Structure formats: C-alpha cells, structure tokens
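Subject: Structure handover

Hello,

Here is the structure I promised to pass on. Please open it first, then read my notes below.

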Amino acid sequence: FNMRDMQKVVQGILSVPANKFEASDDNRLKLLKLLLHESLCVYGDKLVNNEDKKVFLDILIEKVELEYNIKLEEITEDLDNLYFGNFMEMHSVLKSYEEIEELPKLI
C-alpha cells in the first residue's frame, strides 16, 4: 500500500457534495458507510485471499467502532451489499456520488 491508496479513499469521500452530509446523526452514519465502502474498495480489493480480507475487515471494524464509538450494526447490516456510485440517474446532467440503496435497480 502507499499514499496514493489513502488519497483514493479521501477522493471517494470528497466525491459526495458537501450538502449531502450536513451535520446530523443520520448523515454521520452515511459518512461512516462511505468511509467503509471506500476503504473496502481501495484496500480490500487488493487483498488476494479470504484470510487477509477477514483480517483487514476485522481491523477496519475495530477501528471504526473504537474511534467513532458506534457498532457496525448501527452503520450497516451488510457490508457485502454496500455500494456507492454516480450512475443511478442516467438522464441527470449532474451526477451525484451516493449510496445505492435499491440493489434491484443496480442489476
């Protein structure tokens, strides 16, 4: 891993317009979901076996729970189905990077 990887995580978080995350508890959870998603995409996708992925996931969950004083279950029920993207509104001129909550529409 290198500093470019960290930059990719930050870039992903900054892809969301600031007005989408105005100060509130609900938006705090959305921001933590985004942090988890970006970390899993950038770092987790580089890991080659399930054992390493499990160790990384355990560390990520431990750090999020410790630093933000919140349990993973309060943030998301399923990390495997945590998606963000800017392609759900096909006809929109302004593409907004946001959580994809309706998975059937993704498929």
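Asn 27 is in contact (heavy atoms within 4.5 Å) with Lys 20, Phe 21 and Glu 22, leaving aside its neighbours within four places in sequence. Asn 27 sits in helix H2. Helices (H or I, at least four residues) and strands (E, at least two) are DSSP runs, numbered from the N terminus. Asn 27 counts as buried because its relative accessibility is 14%. The terms: buried is under 20% relative accessible area, exposed is over 50%, and partly exposed is in between, with a 1.4 Å probe and protein chains only.

Some ground rules. The model is predicted, so local features need pLDDT of at least 70 and side-chain atom pairs count only at pLDDT 80 or more, while totals for chains, interfaces and linings use all residues. Residues are numbered from 1 along each chain as its sequence is written, and side-chain values use heavy atoms, with hydrogens and water left out.

Now H2 as a whole. Its 18 residues should span 26 Å at 1.5 Å a residue, and the end C-alpha atoms are 26 Å apart, which agrees. (The expected span is 1.5 Å times one less than the number of residues.) Buried residues of H2 include Leu 32, Leu 36, His 37 and Glu 38. Their cover includes helix H1 (3-14), H3, helix H4 (72-75), strand E1 (84-85) and strand E2 (98-99).

Next, H2 against H3. H2 (residues 25-42) and H3 (residues 50-68) pack at about 155°, with axes 11 Å apart. Axes are lines fitted to C-alpha atoms, for helices over the stretch in contact, and angles run from 0 to 180 degrees between N-to-C directions. That makes H2 roughly antiparallel to H3 (angles over 145 degrees). On the H2 side, the residues that meet H3 include Arg 28, Leu 32 and Ser 39. Phe 56, Leu 60 and Tyr 68 are among their partners in H3. By class, this contact of H2 with H3 has nine nonpolar, one polar and one charged residues. (Ala, Val, Leu, Ile, Met, Phe, Trp, Tyr, Cys and Pro count as nonpolar, Asp, Glu, Lys and Arg as charged, and the others, Gly among them, as polar.)

Last, H1 against H2. Their axes come within 9 Å and cross at roughly 145°. The contact has six nonpolar, two polar and three charged residues. Asp 5 is in H1. At 1% relative accessibility, Asp 5 counts as buried. Leaving aside neighbours within four places in sequence, Asp 5 is in contact with Val 42, Tyr 43 and Lys 46.

Best wishes

Key. Parallel < 35°, antiparallel > 145°, perpendicular 65-115°, else oblique.
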